[in-house]
Amino acid sequence: MSEEAVKNPHVIDKSMKYTKEIDDLIYLLACAVNQIKPDSERVNSMQLELIYRWAQLHSVTALAASALEKAIELPEVFEQAKKKTIRRIALFDIERGRIYAQLNKEKIWHMSLKGIILKEYYPAFGLREMSDNDILCDADRMDDIKRIMEALGFQCTVYDERVDDTYVKAPVSFEMHRNLFDERESELFHSYYKDIKSRLLPDDKGDYEYRFTPEDFYLYMIAHEYKHYILGGTGLRSLLDIYVYLQRWNDKLDWEYIRREADKLKISEFEEKTKALSKATFSGVSLGDTEKEELIYYISSGTFGTSEHALNNHIATKLSGDDSKKAKKQYLKDRLFMTPETMRKNYPFFYKHKILIPFLHIYRFLRAVFVRRNDVLHEYQKVKDFDYSEKDYIRRNSD
């Protein structure tokens with residue numbers, strides 16, 4: 001995601017349909033977050049097996065289960081999914097408490113991110129599912145953090161000098177962030193959040209624990225969602241997070257500040273549209289055709305997006321122009337021969353040691369032939385078949 005990526009389009013999945021099962025799942029989620037008992041007659045007409053599959057895809061099974069159990073005897077798969085989520089969130093809380101105790105002891109500043117905060121705004125404990133816990137830390141103390149995490153029994157599976165390190169102790173994992181955004185994905189977002197600590201507030205939970213202001217947390221949540229939205233996509237849980245957060249904070253937020261900062265991040269239109277869509281989706285009213293069309297992209301993305309969405313969005317961005325043949329040739333040229341800027345972002349070692357660049361080209365060629373051959377052929381075919389009539393299905397951020 002380059003500095004201009006905040007203007008990227010996304011391509012609507014025209015093969016997806018807004019089905020009854022999807023509508024029923026959204027109904028259950030709306031009932032859950034608004035603490036309303038679902039209509040028993042409607043629940044009895046639902047195809048719960050299909051709803052379960054969609055809920056699993058979007059990491060909202062526990063939340064759907066909390067609504068269902070108010071209307072019917074909870075099916076076993078929903079019961080087990082809810083219990084599993086509750087157990088996992090409890091384990092996260094226990095391990096995070098141990099981690100924070102050590103970080104405070106060694107005077108390392110840190111801040112909880114995303115789901116750690118958002119789970120508190122859901123109706124009950126264990127209803128906001130999480131695959132990991134994200135924590136922003138002092139980037140100058142990552143070696144000390146690695147020592148602490150390993151002493152607590154975690155295995156370091158990723159040690160990334162740019163963004164975050166991953167620590168696993170099954171069934172939980174923690175991502176310890178150096179930065180909130182990777183410069184390779186968005187120079188604009190990376191630059192905006194580079195010195196974020198100066199804007200953080202001390203948290204009363206610990207001497208070295210910090211927090212966003214409510215406004216800055218909301219902005220970060222929207223920016224983080226936007227990053228996923230224009231790459232591989234993002235799912236229903238992201239819309240739910242916005243909805244429950246605004247249920248708690250809407251009337252207390254400084255919206256002038258939010259609009260001003262959203263302008264700086266070039267996400268103001270996305271913020272407005274996403275806020276409106278989350279409200280329309282989960283407030284319990286009937287959705288119109290426009291909302292359903294916008295929801296299709298979320299629904300087809302699942303929790304973490306899809307590689308197919310990522311490829312479609314990337315191609316659509318690069319091929320946005322009037323000269324289709326010229327744009328396709330330029331796209332393929334850019335993929336084969338990296339610009340200095342692309343090399344600086346993705347292969348900084350080779351960018352600094354340019355004498356070794358021939359070895360990088362050999363590595364990329366061999367990897368494309370022997371490791372990613374099918375992916376490369378798939379991308380080539382996508383570019384070849386790209387039809388500019390698809391611009392009719394592209395939604396752009398006009399900021």
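Partly exposed sits between buried, under 20% relative accessible area, and exposed, over 50% (1.4 Å probe, protein chains only).

Quick note on the source. This is a predicted model, where local features need pLDDT of at least 70, side-chain atom pairs count only at pLDDT 80 or more, and totals for chains, interfaces and linings use all residues. Residues are numbered from 1 along each chain as its sequence is written, and side-chain values use heavy atoms, with hydrogens and water left out.

Back to Asp-93. What does Asp-93 form with Lys-119? A salt bridge, and the closest N and O atoms are 3.5 Å apart. The term means a side-chain nitrogen of Lys or Arg within 4 Å of a carboxyl oxygen of Asp or Glu. Asp-93 is in helix 5, while Lys-119 is in the loop between helix 6 (115-118) and strand 3 (133-137), so the pair ties together parts 26 residues apart in sequence. Helices (H or I, at least four residues) and strands (E, at least two) are DSSP runs, numbered from the N terminus. Lys-119 is buried, with a relative accessible area of 10%.

Why can such pairs form at all? Side chains of opposite charge can pair when their charged atoms come close.

How many salt bridges does a search of the whole structure find? It finds 23. Here are some of them. Glu-79 pairs with Lys-83, with the closest N and O atoms at 3.6 Å. These two are 4 residues apart in helix 5 (residues 76-105), so about one helical turn separates them. Both ends are partly exposed: Glu-79 has a relative accessible area of 23%, and Lys-83 has 38%.

Next, Arg-260 and Glu-261. Their salt bridge has its closest N and O atoms 3.9 Å apart. Arg-260 is partly exposed at 43% relative accessibility, but Glu-261 is buried at 6%. There is also a network of salt bridges, which links Lys-20, Asp-23, Asp-24 and Arg-42.

Now look at Arg-128. This residue lies in the loop between helix 6 and strand 3. Is Arg-128 buried or exposed? Arg-128 is buried, with a relative accessible area of 7%. Its side chain joins that of Asp-241 by a polar contact of 2.5 Å. A polar contact is a pair of N or O atoms within 3.5 Å; within protein, one must be able to donate a hydrogen and the other to accept it, and residues adjacent in sequence count only if both atoms are side-chain atoms. Leaving out residues up to four places away in sequence, Arg-128 touches several others, including Ile-89, Tyr-122 and Arg-237. Touching here means heavy atoms within 4.5 Å.

On to the strands. Strand 4 (residues 155-159) and strand 5 (residues 164-169) run antiparallel, joined by 4 bridges. Two strands pair if DSSP finds at least two bridges between them. The two form a hairpin with 4 residues between them. Strand 5 also runs antiparallel to strand 6 (residues 172-177), with 6 bridges. There, Tyr-167 stands opposite Phe-174.

A cis peptide bond joins Ala-170 and Pro-171, with omega about 10 degrees. Most peptide bonds are trans, and most residues other than glycine have a negative phi.

Last stop: Lys-107. Its phi is positive, about 60 degrees, although Lys-107 is not a glycine. Lys-107 is in the loop between helix 5 and strand 2 (110-112), and is exposed at 55% relative accessible area.
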